[in-house]
Amino acid sequence: MRNLMKWGVAAVVVAGCSTYAGLANAADPIKIGSILSVTGPASFLGEPEKKTLEMYVERINKEGGVLGRKIELVVYDDGGAGEKASTFTKRLIESDKVDLLIGGSTTATTMAAVPLAERNEVPFISLAGAVVIVEPVKKWVFKTPHTDKMAAEKVFSDMKKRGITKIGMISEDAGFGKSGHDQSLAVVKSYGIEVVADEIYSPKDPDVTAQLTKIKNAVGVQAVFNFGFGQGPAIVTKNFKQLGIALPLYQSHGVASKDFIKLAGDAAEGVRLPAAGQVVPEQLAASDPQKPVVTAFKKDYEAAFKSDVSTFAGHAYDGLQIALAAINRAKSTDKAKVRDEIEKTSGYVGTGGLVSMSPTDHMGLSPSAFHMLEIRKGDWVLID
Amino acid sequence: MFAAFLQYLFSGLTSGAIYALAGLGFAIIYNASHVINFAQGEFIMIGGMATATMVAAGVPIYLAIPLAMVASMLVGVAMEKFAVEPARNADVVTIIIITIGASIFLRGAAQIIWDKEFHSLPAFSGETPIAVLGATLMPQSLWVFGISAIVIALLWYFFNRTMFGKAMLGTSHNRLAAQLVGVAVKKVLLASFALSALLGAVGGIVVTPITFTNYEAGIMLGLKGFSAAVLGGLGNGTGAIVGGLIVGIAEAMASGYLSSAYKDAIAFIIILFVLFFMPSGLFGKRGTDRV
């Protein structure tokens, strides 16, 4: 009986709260919900993203918030699992009643949340890579990171400049590498390049010299392109050197972090890869509009967390800035108005590049967002 | 053509030796208790991670290695004391499930104690590849072969020539009888966990320069090691080595001559085929149950 009473009281309190929440007034916080893979295999994405969101929300609140309202950030950790991402998104929409969603560290968690955002008509800015998130365009879904397709295009245009027409590909047989591999094959022909060897490896294979030997012996091969992340590309790079293959080796943007150079060691010398300006702020030209943005972000992040800034942290920063700018322009948190304003984002200079969205492009990054880097003496050198 | 074949073989031997070393760790605990310890991969990870972080912090490697081995042994002992021993009257299957739980716990703990990044160790004798008839092999692979050979010799000696090793085997065959003839059964189980954790740590340390390590490196090593151990016959050291090499070489040959897309499938087909005809593995004793 007492239990029943307790529940009864709780129910009344909850009901009271929700009617109160219904009557939003100017003093109510703006609620941003976020599902991130803070733990689990994708934690290298989710952890810096969470730290970044928390740091900037705190800072903006100190400066008075947006539209005179504080921002309230609700973060749930999906551990990299799609079904959890879906459950938490539901909770964010239905019980936390958020105004906007940022997150989905991986393509899998994003895609699990997409149907919910679409059905409930909540603006959703994803922090994941694959092109399927915004192609075909979904009314309520946007994203900030570069796509794997753009990375492949950057690599192939660099190869074309060097007169390379026949390449070997070695790709990770999972998520990121697989999607990158498929996107690469889709665009490679338009650069006049032929893939003469196409090999894969599992994300945790200890040795890939067999695959590389096969590529090395393919007729006419002039360069090798590896799509993957984690330790795989470092093992590929080391095995590449072990076999003494005297061809240019390209990596994807998945390894654009100092960790890769540390793991691969000397073998990384001469490796080329596409990366966002965020990786090399000090090397960008003074005239580059991105330079002040990425320099400031790097400074803020590294001062706050005493660890190297990653491009992933930058994606969260861009997502938050785009969202808040849209709320500012919409002068309310009305979901439909905010969505329209996000779509009208134009000329935003972020850590990922210049962003101009449109009804047909919910990412809005121009190809110039990627730079080509080469590893020399254990550091990045900006090629173009 | 021959150079390519040799390179595939070296590739297979390198992976295979790593699987074999991981597989060997399953033997000791299985021999002592018929339990398959699914946290074996985590012992390997702890060995590698502890050494790598200590070396990165400036501890000389000859000091870091024994310290990491001791740390791993302590984890093994703690696991036996706090997770396995309280359930000593339970079924073997229950204890196996407990080891799965322990492995998840250890991964989580490693994530908190260390971090989520990949770590590496410098190769023991440099990174200059050894060229053999047009193919190349890293010196670190030779370390893996050598250590596996030494470990199997020691295991053989332990189980066949020492009283404690024999007591361990005796305990696995008949716990009650072993107790009646004066074997300290509790101590046997504790020692088996300590030893296999030690063995795991050794494996983790020698393979880290090749594969790198992070908090979940134990999943792959544990799984491949388990496949190697099952293929060779659980509890048999030679079996684990042969099993590991077969899996590794099959994978490399499949990627070399067929397509890398089929390499995992080929390895699993071989395992299935062998187990179909020899359910207790290549070197396993034919199991009989008295009804």
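Colleague: How far apart do the C-alpha centres of domain 1 of chain A and domain 2 of chain A lie, and where do the domain bounds come from?

Modeller: The two C-alpha centres lie 29 Å apart. Domain 1 of chain A takes in 29-145 + 295-366, and domain 2 takes in 149-282 + 369-382, with bounds that come from an automatic or database domain assignment. Please keep in mind that this is a predicted model, in which local features need pLDDT of at least 70, side-chain atom pairs count only at pLDDT 80 or more, and totals for chains, interfaces and linings use all residues. Residues are numbered from 1 along each chain as its sequence is written, while chains are lettered from A and ligands numbered from 1 in the order in which they are written.

Colleague: How many residues of domain 1 of chain A are in contact with domain 2 of chain A, and what makes two residues count as a contact?

Modeller: Two residues are in contact if their C-beta atoms, placed from the backbone, lie within 7 Å. By that criterion, 17 residues of domain 1 of chain A are in contact with 14 residues of domain 2 of chain A. On the domain 1 side, helix H10 (290-305) and helix H11 (311-330) of chain A each supply at least two residues; helices (H or I, at least four residues) and strands (E, at least two) are DSSP runs, numbered from the N terminus. By class, this side has five nonpolar, 10 polar and two charged residues, where Ala, Val, Leu, Ile, Met, Phe, Trp, Tyr, Cys and Pro count as nonpolar, Asp, Glu, Lys and Arg as charged, and the others, Gly among them, as polar.

Colleague: What does the side of chain B that touches chain A consist of?

Modeller: In total, 26 residues of chain B are in contact with 24 residues of chain A. The elements of chain B that give two or more residues to this side are helix H1 (2-33), helix H8 (185-211) and helix H10 (237-258), and H1(B) gives the most, with eight residues. Sorted by class, the side has 12 nonpolar, 10 polar and four charged residues.

Colleague: Why is chain B called as compact as a globular protein of its length?

Modeller: The globule rule is 2.2 Å times the number of residues to the power 0.38, and the radius of gyration is taken over C-alpha atoms. For the 291 residues of chain B the rule gives 19 Å and the radius of gyration is 19 Å, so chain B is as compact as a globular protein of that length.

Colleague: What makes helix H9 of chain B largely enclosed, and how does its reach compare with the expected span?

Modeller: Of the 16 residues of H9(B), 14 are buried, so this helix is largely enclosed by the rest of the structure. H9(B), residues 217-232, reaches 23 Å from its first C-alpha to its last, close to the 22 Å expected at 1.5 Å a residue, the expected span being 1.5 Å times one less than the number of residues.

Colleague: Where in chain A does pLDDT stay under 50?

Modeller: It stays under 50 over residues 16-24 of chain A, for which the model has one contact beyond four places in sequence; pLDDT is the predictor's confidence in each residue, from 0 to 100. Where pLDDT is low, the predicted coordinates should not be read in detail. For chain A, the mean pLDDT is 87, and 93% of its residues reach 70 or more.

Note on methods. A residue is buried if 20 or more other C-beta atoms lie within 10 Å of its own, exposed if 12 or fewer, and partly exposed in between; C-beta atoms are placed from the backbone.
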